[in-house]
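Good morning, and thank you for coming.

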Amino acid sequence: MTTVQVQIDRTACQAYGNCADEAPAVFRLDDLGYVQLVGGDEVPADQEPAARAAILSCPARALHATE
């Protein structure tokens, strides 16, 4: 099974929060509203669909997945 990893472009993040809404087990927002990863950059297999939906929902395109 391939492990999906998520990268955050912190310079692109505009603190919309869509990612945390779509995948709260993968993404959270810091005190200023910017995205952070909950458990590191490797996404648990059961959270992969939600993580991919969150990546697509980011209007700033600040999130990227690699396998």
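Let me begin with a definition: two strands are said to pair if DSSP finds at least two bridges between them. Please also keep in mind that what you see is a predicted model.

With that definition, consider Val-4, which stands opposite Val-43 in strand 4. Strand 1 and strand 4 are joined by two bridges and run antiparallel. On strand 5, strand 1 has a further partner: these two pair in the antiparallel sense over four bridges. Within that pairing, the bridge partner of Val-6 is Ala-65, and Gln-7 stands opposite His-64. In general, the strands of a sheet pair through backbone hydrogen bonds, in either a parallel or an antiparallel way.

Taken as a whole, the sheet is open, with three strands in the order 4-1-5 and antiparallel pairing. Strand 4, residues 42-43, and strand 5, residues 63-66, stand at the edges; each has a single partner strand, so one side of each is left without a neighbour in the sheet.

Which residues of strand 1 lie on its covered face, and which on its uncovered one? Val-4, Val-6 and Ile-8 make up the covered face, while Gln-5 and Gln-7 make up the uncovered one. Helix 2, residues 48-57, lies across strand 1, strand 4 and strand 5, and runs at about 140° to strand 5.

Leaving aside its neighbours within four places in sequence, its contacts include Ile-8, Phe-27, Leu-29 and Leu-63, together with Cys-13 and Cys-19.

The next topic is charge. As a general point, side chains of opposite charge can pair when their charged atoms come close. How many salt bridges does a search of the whole structure find? It finds two. One joins the side chains of Arg-52 and Glu-48, at 2.9 Å from N to O. These two residues are four apart in helix 2, and are therefore separated by about one helical turn. Arg-52 is partly exposed, at 29% relative accessibility, and Glu-48 is partly exposed as well, at 24%.

Glu-67 also forms a salt bridge with Arg-52, and here the closest N and O atoms are 2.9 Å apart. This pair links distant parts of the chain, since Glu-67 lies in the segment after strand 5 and Arg-52 in helix 2, 15 residues apart. Glu-67 is exposed, with a relative accessible area of 66%. Through shared partners, the salt bridges join Glu-48, Arg-52 and Glu-67 into one network.

Finally, the cysteines. How many disulfides does a search of the whole structure find? The search finds zero. Cys-13 is in no disulfide, and the nearest cysteine sulfur, that of Cys-19, is 6.4 Å away. For Cys-58, the closest cysteine sulfur is again in Cys-19, at 6.5 Å, which is too far for a bond; a disulfide would need the two sulfur atoms within 2.5 Å. Cys-13 counts as buried at 12% relative accessibility, and Cys-58 counts as buried at 10%.

That concludes the presentation. Thank you for your attention.

Technical notes
Residues numbered from 1 in each chain as written. Predicted model: local features only at pLDDT ≥ 70, side-chain atom pairs only at ≥ 80, totals over all residues. Heavy atoms only, no water. Contact = heavy atoms within 4.5 Å. Axes fitted to C-alpha atoms, helices over the stretch in contact; angles between N-to-C directions. Salt bridge = Lys/Arg side-chain N within 4 Å of Asp/Glu carboxyl O. Buried < 20%, exposed > 50% of the residue type's maximum accessible area, 1.4 Å probe, protein only.
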